[in-house]
Amino acid sequence: MTVIAVPYHLDEHLPGLELPLAPDHTVVADLPEGGRWQRMAALYEQVATLVAEEVGAGRVPVVLSGDCTTSLGVVAGLQQAGRAPALVWFDAHGDVQTPETSTSGYLGGFPVRQLVGGSDRTVAEHIGLRPVPERDVVLVDARDLDPAEAEYLAGAAIRRVPVAGLPGVLPSGPVYLHLDVDVVDPEELPGLLFPSPDGPGLADVTAAVHAVLHSCDVVAIGLACTWHPGTGGNRVIASLAEELVAG
Ligand SMILES: NC(=[NH2+])NCCC[C@H](N)C(=O)O
């Protein structure tokens, strides 16, 4: 394992973001002037390069960031290293928005759709990210879907399961395990940017993550620390984060 910190929320540097693990590497980039996706593309290019190097050296990167879009760089890095992964994506949200369908305009609601080849293509084109087939994507507990997301998922090959339904759908090849902490019920994890009620508890999420780590060939992990800085999420999530590096 190797812990990589990317202390950003989208293109915004958050040097004070509390992370639940001490990093071996921290990615900080001089981002160009320009559109937000162009700025994020410059950041994720560095993430991809570092992930590819670490994977090439036989290590499993655990990438900590403040959002879910950093996953674009992680998956591109895995592809560069010859380990094109399936995705097991824990998140309260679907993250399958597009510029046309998003009513909030929140760019952090796009990354799964970008990973399967849709939505805004700026980052994918800049860093050479190839589409992950929809059938290789499992959304775990995406309980908070916008109407356009529900409509898209109803016609897509992406699978969606509750935490307890995971054992039946685990992929057999290399896996990128993504964990947006907002999958956890907000009663147990206050301070989330996008709290979504009625989620699984921390113990159930930890058990499910443990099962993925032990049943799949997990080649990289992304931990999206989507909390407001200063709200103590890093402490609540500490034992779950330790589980990720224990492997
Ligand atoms: N992974 C997340 N926290 N995503 C938040 C997305 C919220 C909402 N679905 C939107 O697109 O605006």
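1. Helix H6 packs on helix H8. Leu-202, Val-205, Thr-206, Val-209, His-210 and Leu-213 of H6 meet Leu-240, Glu-243 and Leu-244 of H8. Contact here means heavy atoms within 4.5 Å. The residues of this contact split into six nonpolar, two polar and one charged. Nonpolar covers Ala, Val, Leu, Ile, Met, Phe, Trp, Tyr, Cys and Pro; charged covers Asp, Glu, Lys and Arg; the others, Gly among them, are polar.

2. On provenance: this is a predicted model, in which local features need pLDDT of at least 70 and side-chain atom pairs pLDDT 80 or more, while totals for chains, interfaces and linings use all residues. Residues are numbered from 1 along each chain as its sequence is written, and side-chain values use heavy atoms, with hydrogens and water left out.

3. Geometry of the pair. The axes of H6 (residues 202-215) and H8 (residues 238-246) come within 10 Å and cross at roughly 5°. H6 and H8 are therefore roughly parallel to each other, a label for angles under 35 degrees. Axes are lines fitted to C-alpha atoms, for helices over the stretch in contact, with angles from 0 to 180 degrees between N-to-C directions. Helices (H or I, at least four residues) and strands (E, at least two) are DSSP runs, numbered from the N terminus.

4. The sheet. Eight strands form an open sheet in the order S4-S1-S5-S10-S9-S6-S7-S8, with parallel pairing. S4 (25-26) and S8 (159-161) are its edge strands, each pairing on one side only. Pairing requires at least two DSSP bridges. Helix H1 (residues 36-56) packs on the sheet and touches S1 (2-6), S4, S5 and S10. The direction of H1 makes about 175° with that of S1.

5. Within the sheet, S6 (residues 86-90) runs parallel to S9, joined by five bridges. Trp-89 stands opposite His-178 in S9.

6. The cavity. The whole structure has one cavity of 30 Å³ or more. The largest cavity has a volume of about 50 Å³. On a 1 Å grid over the protein atoms alone, a cavity is a set of points where a 1.4 Å probe fits but cannot get out; lining residues have an atom within 4 Å of a point. His-178 is among the lining residues, as are Asp-67, Cys-68 and Tyr-176. S10 (217-224) gives the most, three residues.

7. The pocket. The largest one has a volume of about 280 Å³. A pocket is an open set with protein on both sides within 12 Å along at least five of seven lines. Its lining has 19 residues; His-93, Tyr-106, Gly-109, Asp-146 and Phe-194 lie nearest the centre.

Note on methods:
Angles under 35 degrees count as roughly parallel, over 145 as roughly antiparallel, 65 to 115 as roughly perpendicular and the rest as oblique. Grid points are joined across faces, edges and corners, and a volume is the space filled by probe spheres set on the points.
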